[in-house]
Amino acid sequence: MKKIFLSLLILLTYSVNSQDKNQNKVKEKYQILPFGSIKPSGWLKVQVQNDIDGFVGNLDKLVPDLINDPIYSYGRLHKNSKLKDLGNNKEGDTEGSEQYKWWNSETQSNWWDGYIRNVILLNDKKGLEKVENYVQKILKSQDADGYIGIYDNELRYHFNSENGELWSKTTMYRGLLAYYEYSRDPKLWNAIVRAVDNVMTNYPINNSSPYSSGKEFNGGVSHGLTFTDVLDKMYQITGDTKYTDYALFLYNDFCKTYQSEKDVQLENILNPNYKLQSHGVHTYEHLRPLIVAAYAKNNIELQKALEIYIQRIEKSTTLTGGAIGDEWIAQRTANATQTGYEYCSLHELLDSYSVLFQKQGATKTAEAIETIFYNAAQGSRNPDHSCIAYLKTDNSFGMDGTKNGEVETNREQTRYKYSPAHQDVAVCCNPNAGRITPYFIEKSWLKESENVLVNTLLMPNTVEVKIQNQLVKIETITEYPYLNKFIYKISNPNYAQFIIKIKKPSWATKVISSASYTLENEFLVFDRKIGKEDQIQIEFITEVQIKEDGNKEKYFSYGPLFYAKSFESIEQKGKSYLNHFNDLFYISKDKSSFEFIINNQARFDNGKIEIKALNKSNNQIETISLIPFGKTILRQVSF
């Protein structure tokens, strides 16, 4: 009880102190619920449990030297630190070697972030005990001045070249903040506040340049722009605009310094001839700092830049949500066969869109989030084994390490395979694969006001939230996205009166509901007296849709899912980990490819779409079955 009281006192103090500071800040559409308020159910909970039982929960055993590197404590980096052997093949790398010093901070902290969130969602007692031990070790590593990071006293905050100062903090603090929202531990909160204050003291606002690092490759410095993630969450918790003011300062400094990853710099965004060209992961994660900066102050130029940047990203994204990330965008537009996407890119774009939706509230953005998760992200998981593809294409005709058989001239390409770790390349995608589901779930319910609860992303889950100081629980029972029927079971023991809004998908041709509603900005609004034990049943009716991408190729969809022709393949095992995890390669047994015909007679039946298409290998029109894109390995999805 004492802990809870102290936490509430801390938040109340910040809230009161910040009430007069919001005059120039752009109003945000929705309020985020504390992490852990929403938990998965149904098939989604099963998948989260399988991830914890699989590579997500065991990555510290798969790559122990990376996860257990004491880089934040007694192994902090100093002037004489040597480059680390990460177990990866560096042949053909052009990014510079200095990054290898800080890489382990990203690997382990992103993994812990995902692990923390997954065990919270599962209420995994053993996992939570493991997390508590980790958090206590971090607290013990904090210096007297509040510093939590990877550099010794001589190096920290004093750089003129590539470094991971802000990036290493970002990856760690995001996980710590999630655990604070769950635990409400005032000791942890105080440590986070002091750590963030330490950054703001050593890089004074408008009187320093955190992103000045010379004129060479600085990928770690550029990643550090996402320290705005931490600042935005601090603002969401406290309401104190000093955090968003500082985020705006960071973005402005990033724009006026040399950056090797420069797509998000304001000058480039406002240049009508500029095309996205940077490392995909940077480009998509940098959408978040731009969003936070645009909402920190009512700045018309930043609002316009945000609109332009989103439009450019959309051109780099396939219809399934696969944003170019193989690994540079290189001024290309999305192509179902020729442009691949990195799992890191999928997570970062999904997360960026979720921040955008929380602040803007456009249903188009919510649907883009669902598209990424239910299609490109699920389609980059192995449906039969606990592993993911580092790189994947929409049309995937082989997963032998190369992109559909192409051989790169400047490096040995091994990214197009399934692995529980991908250590031969970099252990970055697998930690992010552990983060994507919790981040997806986190913003599925938001508050529009104290008595308006909004179901923004459709999925099986349970939300517990206080409305009018009364606890309300809503369980969403559904097989979505595979079926479009929903039962909302509402437990409202103290008869709190509130409004429920549920997103109506753009693909729904008809809505069947057990309760009356009004339609407001593509949301079903249920404004009625809600009983102690209540229920709303909804079904969204739809039909097969044919969508065309920028290359005039056709995709078939039904509801939120795209459907693909799956090809049989030969599975080949590569490196083995812990005797039951493996790198996996796939060679197609079927060399067919199909072409769209106008008289395709597409129809949905029993979870599949049947179409007629031209088999280009024999020039015959055949009837073929398409299955959900996310359940495929080798496939053709565009025709």
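Predicted model: local features only at pLDDT ≥ 70, side-chain atom pairs only at ≥ 80, totals over all residues.
A cavity here is a set of grid points where a 1.4 Å probe fits but cannot get out.

**Cavities.** I counted how many reach 30 Å³ or more, and there are four.

H5 (99-122) is among the helices that supply at least two lining residues, and H5 gives the most, with seven. Sorted by class, I get 15 nonpolar, 12 polar and 13 charged residues.

Next I looked up the second largest cavity, at about 260 Å³. I found 19 residues lining it, the closest to its centre being Asp229, Lys233, Asp351, Tyr439 and Lys443. H10 contributes the largest share of this lining, five residues.

**Second largest pocket.** I noted about 990 Å³ of space here. Of its 43 lining residues, Glu314, Thr318, Leu319, Lys364 and Ala368 sit closest to the centre. H15 (300-315), H16 (343-360) and H17 (363-377) each supply at least two, and H17 has the largest share, with eight. By class I have 17 nonpolar, 15 polar and 11 charged. H16 also turned up with at least two residues in the lining of the largest cavity and of the second largest cavity.

**Helix H11.** I checked the length of residues 242-255: at 1.5 Å a residue the helix should span 20 Å, and its end C-alpha atoms are 20 Å apart, so that agrees. In H11, 10 of the 14 residues are buried, so the helix is largely enclosed by the rest of the structure. Tyr243, Tyr246, Phe249 and Asp253 are among the buried ones.

Methods
Residues numbered from 1 in each chain as written. Heavy atoms only, no water. 1 Å grid on protein atoms, 1.4 Å probe; cavity = no way out; pocket = protein on both sides within 12 Å on 5 of 7 lines; lining within 4 Å. Points joined across faces, edges and corners; volume = space filled by probe spheres on them. Helix = DSSP H or I, 4+ residues; strand = E, 2+ residues; numbered from the N terminus. Nonpolar A, V, L, I, M, F, W, Y, C, P; charged D, E, K, R; others polar. Expected span 1.5 Å × (residues − 1). Buried < 20%, exposed > 50% of the residue type's maximum accessible area, 1.4 Å probe, protein only.
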